[in-house]
Structures are given as C-alpha cells and as structure tokens.
Amino acid sequence: MGAVSTPRHFLTRLTGTDRLAPALRAFGRGLLSIFTLHRFADPEHGVAGHDPVTLRDQLAYLRRHRYRLLSLTDVVRLLEDDGGDWTAPAVAFTVDDGYAGFASRAAPVFAEFDCPVTLFVTTGFLDGQLWLWWDRAAYLFGHARRRSLVLRLGSEDHAYQWATPSERAHVQQDVIHRLEWVDAPEREAAIADLAEQLDVEAPARPPPAFAPISWEDVRRTAKSGATFGPHTVTHPILSQTPDDSCRWEIQESYRRLREETDACVPVFCYPNGEGRAFGRRELEMVQRAGLRAALTTVPGYIASRDLRDRTSLGRFALPRFPCPDDRPHLVHIVARLMRFRAKVRRSRWSEWSPHAAAGSLILTVG
C-alpha cells in the first residue's frame with residue numbers, strides 16, 4: 001500500500017508547484033470550475049473549517065498564474081454571451097449558509113486578492129428565526145451530561161452509547177446523517193427528544209461558534225466586493241417540501257436578500273444540493289422566481305462548448321466542486337486532472353442538457 005501511495009502523494013504535491021503551473025494552466029482552458037466552502041477555522045470560538053492561511057495561498061497561486069477569477073455575475077454573463085472569453089481557465093468561489101466567520105475570517109482574504117466571492121445566505125438564520133438544525137444537534141452533543149441515547153425515527157430505534165470524546169463525535173456524526181433526510185417536523189421532534197435525553201437546554205439564539213453573519217456585516221463586506229445569493233429561508237431539502245413551501249422558500253429568500261443589500265446576485269443555491277435535493281420542479285420554480293441560474297453540489301465543470309439555449313433548465317443545475325484544503329488538490333481540479341464522474345443519472349440530466357449522452361465530468365449547460 002505504501003509503495004503505491006507514496007509516489008501518488010509526491011505527484012500530487014508536485015502539481016501544486018509553480019514550476020509546473022504554465023503547463024497545467026493550459027490543460028484547464030475552456031473550463032470554469034466553481035468551488036464551494038462553508039465554515040472557516042476560528043480557534044477563538046472552537047470552529048473547525050477551512051484555514052484562511054491555506055485560502056490565501058490558493059488565491060495567491062491563482063492570481064500569480066493568471067487564472068480568471070470570476071464573480072457569479074460574470075458567470076451568468078459568460079453563459080449567456082455567445083462571444084464570451086474562454087481562452088483562460090476560469091474559477092469562481094462561493095460560500096454556503098451564512099455564518100459569521102465569513103465576515104471576520106474569509107472576506108478579508110478574498111478582498112486582499114481582489115477575488116470575487118458570493119455568500120449564499122439562509123435568510124431566516126440571519127433574521128434570528130432559527131439555528132441551523134445540525135448546529136443545534138452538535139451543541140447538544142457538545143454539552144451532553146449523559147453518555148447514551150436512543151434516536152427514535154419512525155418505527156425504528158437506534159441506540160448509542162459512548163465513553164470518550166472521539167466516540168461521542170462518531171455518534172454525533174451518525175445521528176446528524178440519519179436526521180438529514182428526515183421530514184422537518186419529525187426531525188424537530190427528534191432533536192427535542194435528544195435534548196431531553198442528553199439533559200441539555202440549548203439557548204434561544206446560537207452562541208458565537210454557530211452564529212450567523214449580521215445584515216450589517218453583509219453590507220460592510222459588500223463594500224469590499226462580496227456578493228450574496230439566496231439559499232432559502234429555513235434551509236430545507238426542497239425536494240421534500242410541498243409545492244407552496246418550496247415556492248415560498250425560494251421567492252421569500254430572494255426577496256428578503258434584495259431588501260437588505262444591493263449586492264444580491266440573481267443566482268440561487270440549493271440546500272444539500274446533491275442530486276436527490278432538487279429536480280425539474282425545483283429548477284422551474286427557481287426560474288419562475290426571476291433568478292438566472294442556480295448551483296448544486298454535484299461535482300463537475302462548466303465547459304466552453306455549452307449551448308446557450310435560454311429555454312434550457314441546465315443553467316439552474318450548475319455543478320460545483322468542494323474546495324480542497326490544500327493547494328495541490330485545488331490545482332488538480334482547475335487543471336482538469338481530477339477525473340470525477342458526475343453523480344447525475346443520464347436519463348435525468350437529459351431533461352436539462354442535450355449533452356447528457358456524453359455522460360462525462362464536463363456538465364454542459366444551456
């Protein structure tokens with residue numbers, strides 16, 4: 001195993017060096033890579049996440065080697081403009097959910113390199129109407145006074161016990177995973193039951209480690225070049241919501257965001273944006289809400305050969321890569337060295353893109 005992994009690790013590190021940058025940059029021509037991030041490391045508040053130092057190193061590399069760093073407004077314009085410039089590999093950065101750490105930890109780094117970035121905000125989170133549910137679960141485990149519980153979901157009971165912090169972390173991860181695709185009312189009941197079993201009372205508002213960005217900081221960071229997009233009001237998985245709720249989550253989050261800032265972009269971001277989280281209904285509702293594009297978490301590139309048929313729904317299911325935690329792996333992606341396979345069934349994608357038959361990593365959009 002070691003004999004195989006060591007050369008591979010060496011080659012991965014080599015791709016992040018400046019010496020290979022000109023050749024690798026050529027491989028990425030004609031492609032747009034959109035990255036998504038969430039939390040940023042903040043030792044003061046015990047928050048784990050992307051290291052701002054690593055982000056600075058990644059952005060410095062991209063600037064140094066003349067990658068095009070695009071805003072989402074640029075991306076929409078590029079998709080709609082038949083004469084768009086695809087001669088250089090392009091990169092766009094997005095951040096999901098709307099945590100406070102974006103303003104203090106990430107926005108200054110993006111501004112330092114004059115790199116556009118869009119934060120997708122859950123408007124109810126910013127308005128103080130809710131905690132993000134997985135954060136409430138994490139808080140309960142972090143303050144648990146007991147070392148066992150039974151998670152009751154439907155007709156099934158899942159019993160857990162732990163003796164060490166690492167075992168507790170494993171249980172927490174498994175519980176959150178099981179709750180992710182549960183209907184919101186059942187999930188809320190399960191979290192309330194967890195609070196009782198663990199003997200923890202969560203505060204009404206999230207503490208600093210889980211706090212949202214403020215609307216004041218939204219407007220302040222907008223002056224440094226950040227833009228903002230709607231990410232629903234309460235962060236539900238839209239494919240699991242009734243028509244009226246789905247429509248309201250999209251339209252109200254877009255309306256509320258425009259009410260608070262002029263730096264709103266007409267691009268939507270699906271919560272839990274994997275393939276199961278959205279379908280034709282959701283794409284059409286986003287389009288009818290007046291938005292011009294939408295992002296998923298399905299990994300893939302946007303290619304220069306995209307058809308620009310304004311009637312296609314493909315632009316409402318744009319792919320994104322998770323942003324790596326180091327420079328070499330980021331270079332692997334922007335240089336088209338990562339051979340991901342899009343996790344979208346051809347038969348489903350064919351409804352949105354005429355290039356579905358290719359079944360490739362490069363997801364073309366209309």
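**Close-up views of a predicted model**

Figure 1. A289 counts as buried because its relative accessibility is 16%, and the cut-off for buried is under 20%. Please keep in mind, here and in the views that follow, that this is a predicted model. A289 sits in the loop that runs between helix α12 (280-288) and strand β9 (293-295). Which residues does A289 contact, once its neighbours within four places in sequence are left aside? They are I250, Q251 and Y254. For Q251, the C-alpha atom is separated from that of A289 by 5.8 Å, although the two residues are 38 apart along the chain.

**Figure 2. The chain as a whole, for orientation.** Before the next close-up, here is the setting. The chain is built with 14 helices and eleven strands. Of its 366 residues, 54% are buried. If you take the contacts between residues at least 6 apart in sequence, 74% of them join residues at least 24 apart. The chain exposes about 17000 Å², and 50% of this area is supplied by carbon and sulfur atoms.

**Figure 3. The largest nonpolar core, around F93 and F102.** This core has 93 residues, and the ones with the most contacts inside it are F93 and F102. The element that gives the most to this core is helix α7 (residues 133-142), with seven residues. To explore the surroundings of F93, look beyond the residues up to four places away in sequence: F93 touches F35, L37, L59, L62 and L69, and its other partners include F110, C115, P116, V117 and T118. C323 and L330 are also among the residues that F93 touches.

**Figure 4. D114, an exposed loop residue.** D114 has its place in the loop between α5 (101-112) and β4 (117-121). Is D114 buried or exposed? With 61% relative accessibility, D114 counts as exposed, because the cut-off for exposed is over 50%. D114 and L59 lie 55 residues apart in sequence, and their C-alpha atoms are 9.4 Å apart in space.

**Figure 5. The largest pocket and its lining.** About 730 Å³ of space lies in this pocket. Its lining is made of 26 residues, and those nearest the centre are H38, D97, Y99, W134 and I176. Strand β3 (90-97), helix α7 and helix α8 (165-180) each supply at least two lining residues. Which element gives the largest share of the lining? It is α7, with four residues. Sorted by class, the lining has eleven nonpolar, nine polar and six charged residues.

**Figure 6. The largest cavity.** Rolling a probe the size of a water molecule over the atoms shows where empty space is left. The structure holds one cavity of 30 Å³ or more, and the space in the largest cavity is about 30 Å³. Its lining consists of W133, E180, R187, H235, P236, I237 and N272. By class, these lining residues divide into three nonpolar, two polar and two charged.

Figure 7. Q197 is part of helix α9 (residues 184-198). Its relative accessibility is 15%, so Q197 counts as buried. Apart from residues up to four places away in sequence, Q197 touches R146, L149, V150 and R152. D199 belongs to the loop between α9 and α10 (215-222). At 34% relative accessibility, D199 counts as partly exposed. Its phi is near 60°, which is a positive value in a residue other than glycine.

Figure 8. Most residues other than glycine have a negative phi. For T232, phi is near 75°, a positive value in a residue that is not glycine. You will find T232 in the loop between β7 (227-230) and α11 (243-260). Is T232 buried or exposed? It counts as buried, because its relative accessibility is 0%.

Note on methods. Residues numbered from 1 in each chain as written. Predicted model: local features only at pLDDT ≥ 70, side-chain atom pairs only at ≥ 80, totals over all residues. Heavy atoms only, no water. Core = buried A, V, L, I, M, F, W, Y, C linked by side-chain atoms within 4.5 Å. Buried < 20%, exposed > 50% of the residue type's maximum accessible area, 1.4 Å probe, protein only. Contact = heavy atoms within 4.5 Å. Areas by Shrake-Rupley, 256 points an atom, 1.4 Å probe, with all protein chains shown as cover. 1 Å grid on protein atoms, 1.4 Å probe; cavity = no way out; pocket = protein on both sides within 12 Å on 5 of 7 lines; lining within 4 Å. Points joined across faces, edges and corners; volume = space filled by probe spheres on them. Nonpolar A, V, L, I, M, F, W, Y, C, P; charged D, E, K, R; others polar.
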